Amino acid sequence: MRRFLQVLLLLALVGGVLLTTSCMDKLNYLRARNELNHGVRAFSQSNYQAAVQRFDQAIEYDPELLAARSYRASSFMMQYIPGGESEENMQIARQALDGFQGVLERDEKNEIALASIASLYFSMREFELSKETYRALIGVNPENKEAHYTIGVINWSITFPRDMQVRAEIGMQLDEPGPIKDQDARQELAEENLPLIEEGLEALNAAIEIDPQYDDAMAYVNLLYRRWADIAESPEEYEKYTTTADEWVQKSLETKKIKAEAAIQEFQ
């Protein structure tokens, strides 16, 4: 009998612990969501520092609350100044990146985290890291037109300054018809730029295939063809690429017009 009573007492104690643990889990669940709601309210009011404090508290209550982690990282991202090179600004960027990485560690296919990291790297002019992340995003969602589009924008952002620098070095005006007149300089530029131009055009065409009215992508197709024209091997080839570029300008303008007319009709 004494042994039996000891077993009953042990079971009662264990049950009490389980009950207490269950209640605490429920309480922390509610506390985490409450802090999340307060944080979202602060975020919507652009009070990002207060928002971070709320999201920190939510994560403490529930470390697996991805919404809190994502909003926390976004709060830092909103405070980052693109192009600013101060240590304080770079620290903010690193905190945002670390925050989104924390989301990916728990959900490796999280599109918001991938897109945010890629965008941050782009703003920081870490172009290769940005493209790598956009490719990962495309792997998760091949229909993400912005990911394809931004790869094209990145490649133009790399090739254009190179082109302008070569023109300046050999004494060509920035608006002077090409191709690059110095053969050695043109060949060297072609080796650097052509793979990026081809990759960029492929990405932009993928974006337009997803959205046939993607006029911004059309505009960058035009810009990349102009970079291709500058490394053409003959005036005739230069003319071919510039003509193609002009055609894409026209497509972009026509698409903008169609979209504007549709918007007007929608409000009538």
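In this predicted model, a patch of negative charge lies on the surface. Six residues are gathered there: Glu169, Asp182, Asp184, Glu188, Glu191 and Glu192. Helix α8, which spans residues 183-210, supplies the largest share of the negative patch, with 4 residues. Glu188 is a patch member and is found in helix α8. Asp182 also belongs to the patch.

Helix α9 covers residues 215-230 and holds Ala229. The relative accessibility of Ala229 is 0%. Ala229 therefore counts as buried, since the cut-off for that class is under 20% relative accessible area. Pro177 and Ala229 are 52 residues apart along the chain.

Helix α10 runs over residues 235-267 and includes Lys257. Lys257 has a relative accessibility of 54%. Lys257 therefore counts as exposed, because that class requires over 50% relative accessible area. Ala229, by its 0% value, counts as buried. Asp56 and Lys257 are 201 residues apart in sequence. The C-alpha to C-alpha distance between Asp56 and Lys257 is 47 Å.

Note on methods: Residues numbered from 1 in each chain as written. Predicted model: local features only at pLDDT ≥ 70, side-chain atom pairs only at ≥ 80, totals over all residues. Heavy atoms only, no water. Patch = residues over 30% accessible without salt bridge, like charges linked within 9 Å, V, L, I, M, F, W, Y side chains within 5 Å. Areas by Shrake-Rupley, 256 points an atom, 1.4 Å probe, with all protein chains shown as cover. Salt bridge = Lys/Arg side-chain N within 4 Å of Asp/Glu carboxyl O. Lys, Arg positive; Asp, Glu negative; His and termini not counted. Charge placed at Lys NZ, Arg CZ, Asp CG, Glu CD. Helix = DSSP H or I, 4+ residues; strand = E, 2+ residues; numbered from the N terminus. Buried < 20%, exposed > 50% of the residue type's maximum accessible area, 1.4 Å probe, protein only.
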